[in-house]
Amino acid sequence: MNNHRSRIFQARFLNQPTVFIGSNTAVRELLHDKYNCFRMGYKDFFHQIYGNSLLFSDGLEAEELRQSLHDLFQPASTSLNEHSVQIDRFAEEAVETMLSKDYILVYEHFKQVTTQLCLSLFLGLDHSLSVDLMKELCELSTVHWHGMISVPLSLSLPWLVSSGFSKALHAKEQLLKIIKKRLQTAEDGFPARIKTALQSEDAEQNLLLFISALVPKALSSLLTSFICCSHLWCHEPLIKNGELDVSLLECILLEVMRIWPPFIGGRRVAIMECTIGGFHIPKNYAVIYLAHAAHLDPEAFPQPESFLPARWKDCSDSDKEKLYCFGGGPRNCIGQHLVWTILKV
């Protein structure tokens, strides 16, 4: 951005002409106003790892899939209400473990806790009764995730160590076997509801996405940032007269999301010519929006480099839409209410 003197610029990335967007208003234009000019840009690289899920669908298929899953993730849904008990229990155990030790590796601790929580929520597992299965799923999930950051070549030769990508594909098969078995026996909870909402194969593929390392890594990143930046907000106590100041907590979490979003951003591919931020985007060009840069755009956030929770004190919904931790527009993260609940608890 400094070299081009613009928060929107073009470069070659992964051997493809790519437009990078760090302007807050231009990211909003991309995700909200002109979302139908683009397809999701992840299928080109990660489809083999994740299969046909919400993350890789487009057009009418995506709309129908989101509609089918919509009720499972709304704040007033039966699923989210049932989840609250599990979330409370995991949060209590996570904090008790932290308080019982002299020191702790915060990110690793939260990654373990949130991985187990996601497996409990989405597969209906009781981690105290399914220790071995939990361990197996955690290990498979890690191998599966590493396939996303490996060279996409499936090599498995007797005299060579299998590639990370090959191992990830094998982990995917093992995970899908476990998911299929859980769906077949599910009588209540999230597995039973998603089985009712979707065809069996669609339910399996989307559960693979929901229990992947993607969600725990995002949660543990944000929780780690929250703790590591505590010196910036601890002068204003969260507990006042024995009561939690929920409003202040939300302001702090929003500011953590603004300065330290867990992902660099997102990718789209133009399916037609259009303009974003006044710049021409040719058909088939890739576009990468940079959440971190957009959150530090001085036109959207005065004093962007400063940690100022008070900026969110009287914020509106439109102010919160300037944050792109959960994407934005019609293709935003379908589980953002659940993630937000977990973070607050």
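I began with Arg267, where I found that its side chain is joined to that of Gln16 by a polar contact of 2.8 Å (a pair of N or O atoms within 3.5 Å, where within protein one must be able to donate a hydrogen and the other to accept it, and residues adjacent in sequence count only if both atoms are side-chain atoms). I noted that this is a predicted model, in which local features need pLDDT of at least 70 and side-chain atom pairs count only at pLDDT 80 or more, while totals for chains, interfaces and linings use all residues. Residues are numbered from 1 along each chain as its sequence is written, and side-chain values use heavy atoms, with hydrogens and water left out.

I then looked up a polar contact of 3.1 Å between the side chains of Arg267 and Asp44. Arg267 lies in strand S6, residues 265-270 (strands are DSSP runs of E, at least two residues, and helices runs of H or I, at least four, numbered from the N terminus). Arg267 is buried, with a relative accessible area of 7% (buried means under 20%, exposed over 50%, partly exposed in between, with a 1.4 Å probe and protein chains only).

Next I turned to helices H7 (residues 164-185) and H9 (residues 200-210), whose axes come within 9 Å and cross at roughly 120 degrees (axes are lines fitted to C-alpha atoms, for helices over the stretch in contact, and angles run from 0 to 180 degrees between N-to-C directions). That makes H7 oblique to H9, because angles under 35 degrees count as roughly parallel, over 145 as roughly antiparallel, 65 to 115 as roughly perpendicular and the rest as oblique.
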